[in-house]
Amino acid sequence: MLAVGVVALAGVVLYVGIAGFGTVAGAIGSTVSSFVEQVTATPTPTPTPVVVAEAPSVSGPSEPYTNREQVDLVVTVPAKFVGDPAYRLRVYLALEDQEPAPIDEASLAPTPQTIIPVMLTKGINDFTVTLVGPAGESESSPIVRFVLDQDKPGIKLISPKDGATVNRKAVDLEGRTQGRSTLIARNRDTGESIGGKADADGSFSLALPLALGSNRIAITATDPAGNANELELTVRRGSGELSASLIASAYRIKRSALPEEIRLTATVDDPDGRPLAGAKVTFTLSITGIKTVTGDAATGQDGKAVYTTTIPRGADVGGGNATIWVTSGDGSTSAYTVIAITK
């Protein structure tokens, strides 16, 4: 601008020689005044848009699994953008093994939170939201995940079998279903029920009281998404007594072969028919002509207890017997077998 001014002044000086000083003086004053105003004037600033530096946030669900096809995204924007009509929210969706893609836009609510309904696709749905305005698009919000699951959870009962007899006051229902599912077992005949939750791997165990006789049982599993499935079975409650049996290594022994060793083996089952460990077993061997023999033993993990003794000389020909008396925390029982001495 200074260069232009110098040129202008030169032109004025040249004009003085032709038109006279008075005429030119006014022209010089006007030109210089205009030049100074142009050089010293303060330009009016152009409005600059607010830079979108802060990303919005999205509230995550307490449970990502759902069986609803539509959910609400609750989006919170920074306070300085609340209700600004120049800005809007852009929603991105990333399905499993796919890149995020924009699916919707929404205006800002007059409050910090804006609710945006979105549709879900079966499986994993990862949502992010950005703030879009005159200055461009903000960074994405942290990912919020929903998993659309509309399949019923499977229920596999491991124990007991349908129609089984259980000789206890309660039945242990053991099985597997979808991990973290909520379970309810109900005895349709007594009205009693019990609830529980499956482990992360889906395994569960519930103890449900039984009435004597037949019991119709329903097990309901509800997965984290809210899908429910039911399994039914019938269990009979028995007498609740122990059972025991006794066998001998020999049942007929010749008198001429005495003395002879004999081995007695007791087998004990608990009220549910399973081998009972730790039961006390008292063995008694009674044969005419010799002193009664007794001895104690305890059952092992296989439910068996063994007692060995010797039948001495002097036993009379005829019948004798071996007996057992079993005691445990589940009650008591007995059993016997015949031992004969022959000629």
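1. Burial first. Buried means under 20% relative accessible area, exposed means over 50%, and partly exposed lies in between, with a 1.4 Å probe and protein chains only. Asp126 is buried because its relative accessible area is 13%. Across the chain, buried residues make up 35% of the 343 residues.

2. Basis of the note. This is a predicted model: local features need pLDDT of at least 70, side-chain atom pairs count only at pLDDT 80 or more, and totals for chains, interfaces and linings use all residues. Residues are numbered from 1 along each chain as its sequence is written, and side-chain values use heavy atoms, with hydrogens and water left out.

3. Confidence. pLDDT is the predictor's confidence in each residue, from 0 to 100. The chain has a mean pLDDT of 87, and 85% of its residues reach 70 or more. Over residues 1–48 the pLDDT is below 50. Beyond near neighbours in sequence, that stretch has 14 contacts in the model. A contact means heavy atoms within 4.5 Å. Where pLDDT is low, the predicted coordinates should not be read in detail.

4. Overall make-up. The chain has two helices and 25 strands. Helices (H or I, at least four residues) and strands (E, at least two) are DSSP runs, numbered from the N terminus. Among contacts with a separation of 6 or more, 62% come from residues 24 or more positions apart. The accessible surface is about 19,200 Å², and 53% of it belongs to carbon and sulfur atoms. These areas come from the Shrake-Rupley method with a 1.4 Å probe; for residues, only the protein chains shown count as cover.

5. A three-stranded sheet. Strands β1, β3 and β6 form an open sheet in the order β1-β3-β6, with antiparallel pairing. Its edge strands are β1 (57–58) and β6 (113–119), each pairing on one side only. Two strands pair if DSSP finds at least two bridges between them. Between β1 and β3 there are two bridges. Ser57 has Thr76 in β3 as its bridge partner.

6. The β13–β14 hairpin. Strand β13 (residues 182–187) runs antiparallel to β14 (residues 193–197), and five bridges join them. Ala185 stands opposite Ile194 in β14. Five residues lie between the strands, and Gly191 takes a positive phi near 85° in this hairpin.

7. Gly83. This residue sits in the loop between β3 (70–76) and β4 (88–95). Gly83 counts as partly exposed because its relative accessibility is 35%. Leaving out residues up to four places away in sequence, Gly83 touches Leu108, Ala109 and Pro110.

8. Aromatic pairs. A search of the whole structure finds three. Rings of Phe, Tyr and Trp (its six-membered ring) pair if their centres lie within 6.5 Å; planes under 30 degrees apart count as stacked, over 60 as edge-to-face and the rest as tilted. Phe283 and Tyr307 are stacked, because their ring centres are 5.5 Å apart and their planes are at 20°. This pair links distant parts of the chain: Phe283 is in β21 (residues 280–287) and Tyr307 is in β23 (residues 304–311), 24 residues apart. Both Phe283 and Tyr307 are buried.

9. A salt bridge is a side-chain nitrogen of Lys or Arg within 4 Å of a carboxyl oxygen of Asp or Glu. The count comes to 13. Glu105 and Arg88 meet at 2.6 Å, N to O. They link distant parts of the chain, Glu105 in β5 (residues 101–107) and Arg88 in β4, 17 residues apart. Glu105 is partly exposed at 36% relative accessibility, and Arg88 is partly exposed at 32%.

10. Two further salt bridges. Arg145 pairs with Asp126, with the closest N and O atoms 2.7 Å apart. Arg145 lies in β9 (residues 144–148) and Asp126 in β7 (residues 123–133), 19 residues apart. Arg145 counts as partly exposed at 41% relative accessibility. The side chains of Asp270 and Arg274 meet at 3.4 Å, N to O. Asp270 is buried at 7% relative accessibility, whereas Arg274 is partly exposed at 43%. Elsewhere, salt bridges that share partners join Arg88, Arg90, Glu105 and Glu137 into one network.
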